[in-house]
Every structure is written in C-alpha cells, then in structure tokens.
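I opened the notebook to write down what I could look up in this structure. The entries follow the order in which I went through the parts.

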Amino acid sequence: MLHIHFTEADLARTRLASEPDPLWEIALSLHRLQTQQGRSAHAEWYRTTRVRLADEGLEGVLRHLLLPLFPRSAYFPDFLTPPEGAEGLTAGLAAMVDTPADRVRREVARFRSVGAPQWAARLAERGTRQDLAGALRRYHEVAVAPYRERALARVEADRSVRGRTLLAGGVDGLLGGLGPQMRWEAPVLHVHYPAEERDLRLGGRGLVLVPSYFCWGPPIALADSALPPVLVYSLLRETRPAATGRPLGALLGRTRARVLRGIVPGATTGELARLAGVSAPTVSQHISALRDAGLISSLRYGTSVLHTLTPLGAALLRSAKRPAAPVP
C-alpha cells in the first residue's frame, strides 16, 4: 500500500495531465506484453503489435533489451520515465539520456536487487542510454504511436468525467472518485500498490495524476520520493466497445446532428435528451448509433453515463463547419 500525504498546498497544486506520457505508455505497454492481465481489453493491440514488431525486426530488441528493462516487478529505474516525457517523446528521451551517471548507477543498483539484467550496469554510460533511446523510439513508432488517437479519445473522456467530479466536489471529490484501487481519507490517499508499504509526503509539491491507456490494475508512482510526484492510473473503462463498419449515412438527420453537437463539452444522456427535446429512450438510440460509428465514447459517471467526442467525431463536426468549395 502506498500512502500519499497531502497538505493544503498540495491539494491546490494537484492536477490532471492533459494527455498520456509517451514514456509511461512505452513502459506499461511492455507490461501488457508480459501478462494476460488486461489482455482482453487490448486484444486487438496485442495481435497487431506482435505482427508489426516482427515485421520491423524488433523481436530481438524486445526480448533482450526492452522486456528485461521494464519487468512487471515492484521496480524499474525511475530515470526511464522522466517528467519531461509530459512534453513529448523527444523531450522525454533526451532527459533520459542526460540523466547524471551517478543517479543511473544508484537506480541500477536498486534494480539489480529485484532481478535486473547483467548488462544494466552499462546504462551508466551515455552511449548505452543513447542506443536505448533509439530502441525506445522505434518501439514507440510501432507499438504506441498507431494508437495515439484512440488513447487521446479515451483520455479526453476520462478528463471530462474527472472534471465534472472536480467541479461538483472540489479536489476532495476528485481524489475520492479515482476508483477502487484508491481510497481518499483526507489528508491521505491510500493506493493499492504492488511494492512494499510506504509513505509519500508531497510537502507542498502537489501531485500530477497521469492517465494511461496501457495501465491496468494498480496505479504506479516513482520509487524515489525526492522526484516530482506523479501517479499514473488506469483510464475508466468504456461502457461498451465502439463498433466499426456502420455507414456514416446512418448519422444523417437533424436530431442526431444536434445530439452530436451537444456532446462537444461532454454531456449525460439526460442532458442530451433535454437539449434535443426528445425522450430518454429516443436519445439513447441516437447515442448508440453515434457510438457504433466511432464518433463518441461513453463512460459511467456515478449513476449516469457521460458521452464525449472521439477524434473522428470532432473531425466530422469541424468538416461540417467548413464553407463549401466554390463551384468552378
């Protein structure tokens, strides 16, 4: 169990990351390759990614370098997921390469106590970290980048739910509604954690909550309490998976278009029914058609269901606003 202790300053500085961190997504997607846990939710990703990795000649890199470096154990080195990853893959990899050698040696020594590969000691050499950055970039291009739009859609839906919770109940409400893996007993957030029992005292630094597409199960924090505090957590699960293949022609109609536009800021079924001036069963039919076409995502929000746009739905609305091209 991880016990995160908040002060009033920490509550004021707690925030939600706006998108997944690419280095955390690399690490957690590698975890998905090592276990059946969460396999059903990522079945299509697992099948296609294994094929892509083989096609790109990355199976050896995966087996001998990446999987040993990111085991599903209680620990892997913190320098592999620097906070600069929030600025993008390039910034995160650069920060990893620039990690002071002394810090790398300390973390690798700790890593060796839980089964690090013997070659891990060479990570203290800048050249080795540069080679690792190249391998991580190649893996990201094959296994993570193709799912970026899907991940962003899920994150936006999750943030809409969390944002409503924050507006309704403040930070107390946000921390209290993070899910079954976390329990808020002010001023401490108790997190189910695979590592040993420990305390994290934020000391006025605040906490960044980082949603992850590939995280499954307990949240994850950095092992070194002196580093900027982050807590990576699993996204809310969709009420049903989006289907594909239904023609967009099924979306034509004034009421359905009004429902789609009403979903832009995030809306519940009841709110959409009032907006469109129809009954709840009728609006539910429109919502099902929009969701089946991949235009919206639906997540459970308390006793309601919150609907948000996917990137495809947002693109459709943007294209509808563009003026028609002049006839030559």
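What is the strand order of the open sheet of 4 strands? I noted first that the model is a predicted one. I then read off the order as 3-4-1-5, and the pairing is mixed.

I looked up which strands stand at the edges. They are strand 3 (182-185) and strand 5 (198-201). Each has a single partner strand, so one side of each is left without a neighbour in the sheet.

Strand 1 (residues 2-5) and strand 5 run parallel and are joined by 4 bridges. For L2 I found the bridge partner R198, in strand 5.

I then followed the chain out of strand 3. The loop between strand 3 and strand 4 (188-191) holds P187. The peptide bond from A186 to P187 is cis, and its omega is near 5 degrees.

I found another open sheet, made of 3 strands in the order 9-11-10, and its pairing is antiparallel. Here strand 9 (267-268) and strand 10 (296-301) are at the edges. Each of these two has a single partner strand, so one side of each lacks a neighbour in the sheet.

How many bridges pair strand 10 and strand 11? I counted 6 bridges in the record of this pair, where strand 11 covers residues 304-309 and the sense is antiparallel. Helix 11 (residues 280-292) packs on this sheet and touches both strand 10 and strand 11. The direction of helix 11 makes about 120 degrees with that of strand 10.

I wrote down two positions across this pair. I296 has L309 of strand 11 as its bridge partner. S297 stands opposite T308, also in strand 11. The hairpin of strand 10 and strand 11 has 2 residues between the strands, and G302 there takes a positive phi near 60 degrees.

**Entry: helix 9 and helix 11**

I went back to helix 11 to see how it meets helix 9 (residues 254-262). The two pack at an angle of about 75 degrees, and their axes are 10 Å apart. Angles of 65 to 115 degrees count as roughly perpendicular, and helix 9 and helix 11 are therefore roughly perpendicular to each other. On the side of helix 9, the contact is made by T255, R256, V259 and L260. On the side of helix 11, V283, H286, I287, A289 and L290 take part. By class I have 6 nonpolar, 2 polar and 1 charged residues in this contact.

**Entry: helix 2 and helix 5**

The axes of helix 2 and helix 5 (residues 89-97) come within 8 Å and cross at roughly 80 degrees. Helix 2 and helix 5 are therefore roughly perpendicular to each other. P22, L23 and I26 of helix 2 make the contact with L89, G92 and L93 of helix 5. This contact has 5 nonpolar, 1 polar and no charged residues.

**Entry: a pocket and a cavity**

Which helix gives the most to the lining of the second largest pocket? I found helix 2, with 4 residues. Helix 2 (22-32) and strand 7 (220-221) each supply at least two residues of this lining. By class the lining of this pocket has 16 nonpolar, 3 polar and 6 charged residues.

The structure holds 1 cavity of 30 Å³ or more. The largest cavity has a volume of about 40 Å³. Its lining is R198, L200, L222, D224, S225, L227, P228, P229 and V230. I sorted these by class as 6 nonpolar, 1 polar and 2 charged residues.

Notes:
Residues are numbered from 1 along each chain as its sequence is written. This is a predicted model: local features need pLDDT of at least 70, side-chain atom pairs count only at pLDDT 80 or more; totals for chains, interfaces and linings use all residues. Side-chain values use heavy atoms; hydrogens and water are left out. Ala, Val, Leu, Ile, Met, Phe, Trp, Tyr, Cys and Pro count as nonpolar, Asp, Glu, Lys and Arg as charged, and the others, Gly among them, as polar. Two strands pair if DSSP finds at least two bridges between them. Contact means heavy atoms within 4.5 Å. Axes are lines fitted to C-alpha atoms, for helices over the stretch in contact, and angles run from 0 to 180 degrees between N-to-C directions. On a 1 Å grid over the protein atoms alone, a cavity is a set of points where a 1.4 Å probe fits but cannot get out, and a pocket is an open set with protein on both sides within 12 Å along at least five of seven lines; lining residues have an atom within 4 Å of a point. Grid points are joined across faces, edges and corners, and a volume is the space filled by probe spheres set on the points. Angles under 35 degrees count as roughly parallel, over 145 as roughly antiparallel, 65 to 115 as roughly perpendicular and the rest as oblique.
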